[in-house]
There are 2 protein chains.
Amino acid sequence: MMKAFRFTKARTLALVAAVVLTTVALAATATQEGVWEIGPRMLPASVDVSDVMRESLLNTPAPDVEAARNFVPETIEQWKALISERGERAAAGARALANGLSVVVEQESIDGVNVHRVTPAEIDPRHENHLFVYLHGGAYLFNGGEAGTAEAVLIAARAKMLVLSVDYRMPPDHPAPAAINDVVAVWENLLNSRPATSLALGGTSAGGGLTMASVHRFKELDLDLPGALYLGTPGSDVNKVGDSRYIMEGIDRLLVAWDAGGAQGMSMYAADYDHNHPYVSPIYGDFEGFPPSYVISGTRDLMLSDAVRTHRKLRAAGVDADLHVYEGQSHGDYAAVPNSPESHEHYAELNAFLLKHLER
Amino acid sequence: MMKAFRFTKARTLALVAAVVLTTVALAATATQEGVWEIGPRMLPASVDVSDVMRESLLNTPAPDVEAARNFVPETIEQWKALISERGERAAAGARALANGLSVVVEQESIDGVNVHRVTPAEIDPRHENHLFVYLHGGAYLFNGGEAGTAEAVLIAARAKMLVLSVDYRMPPDHPAPAAINDVVAVWENLLNSRPATSLALGGTSAGGGLTMASVHRFKELDLDLPGALYLGTPGSDVNKVGDSRYIMEGIDRLLVAWDAGGAQGMSMYAADYDHNHPYVSPIYGDFEGFPPSYVISGTRDLMLSDAVRTHRKLRAAGVDADLHVYEGQSHGDYAAVPNSPESHEHYAELNAFLLKHLER
């Protein structure tokens, strides 16, 4: 009975599809409540990408899902040790990047929140009155302190604008909503001296998710909203929801798999919050009135679905939102391989978007 | 030596990534010239989609790659039989769709080219002077005659505008550039009575690819270009190039696999042309001066890479191009499941794009 029903549905779909498209066959095999078993396949390095990206892909071993999972800490102490070890390496990397790009990074405090003022060698006169408020990525666990300034340095250097990188509090010690509260504190302080429309807000990965959650919170507090948002492959959902969380497992060379650190970080961050609460899964918030938003992802990005779901929610709310998806890119490859032409292209597009939407 | 080199590269990438992102591990396994072996996985039905799409996915058996490949004809006679059989079913479907939406489809001839004039029950006054020139999909093999009018009917009904569907010649009897020549003949005729900027050009799958190839040809002939293009998950490349051609194998429920009909159709179409010639793989053409373009794909689309590569080429050429990617959608699901909210959303977005860019 069940089988006959499914066959009929499959035939109906095939007929409809044949009307419009190229379908050759929708062959029927067993299925369990819509869960498909997807077979193994060979995936060559992407072809229609820059030489830099292709070389990088050719030199990357196939992501090892099991090894990545086994690498995840089990105790809070192990997490803190890993966070500290990675933080030191990342801080060294960020410092090297800043030195190489002649960007000055200065630590400050704004209403008790640690921040870094990131100043490029030259400010574009068109950005003279602009400030980019940057929220770093790292699964809400990594990149505290100077480690979180790397992409802020890139944005400052590429767009030739001043960036303020917020060193928001994170788990294990400070789960949500500490990070959002820190962003709100900085935001309220900035509004004393600058119009919101001259300010951009954004970041990559958890930084993109925190950007969306913060705007939800700004709306609750009736604060003026930014002139533009940068949602770099944003972590929009702490649940394992989204095709790409499954499809890109073992394909995304940077995240490797959802439960290889990202899921655990998101859970520690959400803590007592319902996982569908817009503070921790901002995709479930109301996007009415959101500022113009720039969204980027890639064809190997474990978070591609987060990006496209966010883009659609924004569009459905009537927001001026642009989606960019790059061939061959895993989660945040545009920042991880900053010397690639794709990285330059992305930050040039982002800069054009900011120049278009930020008030002079 | 080789192994040590790769380990170093992997470590370098991991370091850079850790700086910016959430990476937990880039574990090293053997790789052969950048070809990765991707393991099997379970893929549940998409969650953050409409009830109609979710129900449709829940009732679709897992795509069977082997069965789809075995379904591909081997001789020209077998191809013609399949084309004819599918054409009859698709024509019946298109007629049913037109009747259900009160759209009138009339066959005509323009300078020797068979076309269908597709008239909705009501024309939006804002589209009074507009015409949508539609090019159907079907791997350059299927949907000749009335079968090719289904999406034209949808566009006419949803945008409330007049559509002219071009029944271009196809292989096996008429490989490239017959189809392009037919589009050019119709285009030149239309330019006698209408400004090009009042005309949209576009279609889905092969229709999107043919749209791009035709614009390359218009430029060669110094013909006025359309006011806007619709590139629905366009077949931009007849080569097996693009991550999604590999990643989405057995995941795209409509195309199933690249070599399950699509590749064969594209090869017959290309015939004597070099497979990198812009007439058959329009992605390799020059996009300078292309009209504003609307591009759509999905997170399960075998041609996702075609769409995003096209979007990037357009953006790099300074073209006003919008990319839309829908969660859970296989190749052209927006047209295959026309009663879904996603389908309505897509055609509303497309209509807004046309209203913005076509000259009144």
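In chain A, strand β5 and strand β7 (residues 199-204) run parallel to each other and are joined by 4 bridges. Strands here are DSSP runs of E with at least two residues, helices are runs of H or I with at least four, and both are numbered from the N terminus. Two strands pair if DSSP finds at least two bridges between them. If you want one spot to look at, find A:Val133, whose bridge partner in β7(A) is A:Leu201.

Keep in mind that this is a predicted model, where local features need pLDDT of at least 70, side-chain atom pairs count only at pLDDT 80 or more, and totals for chains, interfaces and linings use all residues. Residues are numbered from 1 along each chain as its sequence is written, chains are lettered from A and ligands numbered from 1 in the order in which they are written, and side-chain values use heavy atoms, with hydrogens and water left out.

Back to β5(A), which also has a parallel partner in strand β6 (residues 163-166) of chain A, again with 4 bridges. There, A:Tyr134 sits opposite A:Ser165. To get from β5(A) to β6(A), the chain passes through helix α5 (residues 150-159), and this β-α-β crossover is right-handed. Right-handed here means that, with the strands pointing away from you, the path from the first strand over the helix to the second runs clockwise.

In turn, β4 (residues 113-119) of chain A is antiparallel to β3 (residues 104-110), and 7 bridges join them. One pair to spot is A:Val105 opposite A:Val118. β3(A) and β4(A) make a hairpin with 2 residues between them, and A:Asp111 in the turn has a positive phi of about 45°.

Let's step back to the whole of chain A. The chain has 12 helices and 10 strands, and 63% of its 360 residues are buried. Its radius of gyration is 21 Å, which agrees with the value near 21 Å for a compact globule of 360 residues. That radius is taken over C-alpha atoms, and the globule rule is 2.2 Å times the number of residues to the power 0.38.

Over in chain B, an open sheet of 8 strands has mixed pairing and the order β3-β4-β6-β5-β7-β8-β9-β10. Its edges are β3 (104-110) and β10 (321-326), each with a single partner strand, so one side of each has no neighbour in the sheet. Within the sheet, β8 (residues 228-232) and β9 (residues 293-298) of chain B are parallel over 4 bridges, and B:Leu231 has B:Val295 as its bridge partner.

Finally, look for B:His346 in helix α12 (residues 341-357) of chain B. Is B:His346 buried or exposed? B:His346 is buried, with a relative accessible area of 0%. Apart from neighbours within four places in sequence, B:His346 is in contact (heavy atoms within 4.5 Å) with B:Glu151, B:Tyr230, B:Tyr294, B:Ile296, B:Tyr326 and B:Tyr334.

Key:
Buried < 20%, exposed > 50% of the residue type's maximum accessible area, 1.4 Å probe, protein only.
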